[in-house]
Amino acid sequence: MPEVWIITGGRNYKNRSKVESFLLDVDPETIIRHGACKTGVDSFAENFWHDVLKRETDPHPADWNGKCIVGFCKPGHRRRRGGGSTYCLAAGNWRNKLMAEMEPKASRCVAFRGGSGTHDMMQCARNNHIGLQTIGFDDLTIF
Ligand SMILES: [Zn+2]
């Protein structure tokens with residue numbers, strides 16, 4: 001059974017080569033689970049591990065337009081877009097929780113620097129006793 005590793009980090013993260021050089025040292029059988037953000041760490045991981053190296057990823061985009069989750073979302077927290085549609089403010093948090101809880105269980109969570117979403121994913125990993133590895137959190141020059 002291949003291991004599943006969660007990769008997380010900021011959507012504004014710019015250091016693509018830092019993500020790629022990390023991935024080059026990962027066992028090729030590893031499945032890389034990520035949040036499928038179109039920019040930043042998720043996109044670098046998907047592009048390199050899946051598109052370039054032809055290895056397996058397990059992307060989980062947040063369902064921003066979906067219904068709120070009873071018992072998880074705070075009542076009245078949905079936000080309205082300019083066009084009038086609404087979105088769930090906690091869709092990313094719910095997705096992070098599922099990524100940490102789902103089978104096959106991740107054996108590691110690798111976090112590159114990011115904002116509140118990254119820190120939420122890290123907390124979900126801790127809650128599920130998934131080993132956490134942070135990269136570049138002390139290096140303010142790489143973000
Ligand atoms: Zn919600």
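How many of the five residues of β1 are buried? Before selecting anything, note that this is a predicted model, in which local features need pLDDT of at least 70, side-chain atom pairs count only at pLDDT 80 or more, and totals for chains, interfaces and linings use all residues. Residues are numbered from 1 along each chain as its sequence is written.

Select β1 (4-8) to begin; helices (H or I, at least four residues) and strands (E, at least two) are DSSP runs, numbered from the N terminus. Five of its five residues are buried, so β1 is largely enclosed by the rest of the structure. Buried means that 20 or more other C-beta atoms, placed from the backbone, lie within 10 Å of a residue's own. Val 4, Ile 6 and Thr 8 lie on one side of β1, and Trp 5 and Ile 7 on the other.

Look for Trp 5, whose bridge partner in β2 is Ile 32. Then show β6 (108-112), which pairs with β1 in the parallel sense over four bridges, and find Ile 6 standing opposite Cys 109.

Finally, select Ile 6, Ala 45, Cys 109 and Ala 125, the residues with the most contacts inside the largest nonpolar core, which has 25 residues. Such a core is a set of buried Ala, Val, Leu, Ile, Met, Phe, Trp, Tyr and Cys residues joined through C-beta atoms within 7 Å. Colouring α2 (40-52) shows the element that gives the most to this core, with five residues.

Key:
A residue is buried if 20 or more other C-beta atoms lie within 10 Å of its own, exposed if 12 or fewer, and partly exposed in between; C-beta atoms are placed from the backbone. Two strands pair if DSSP finds at least two bridges between them.
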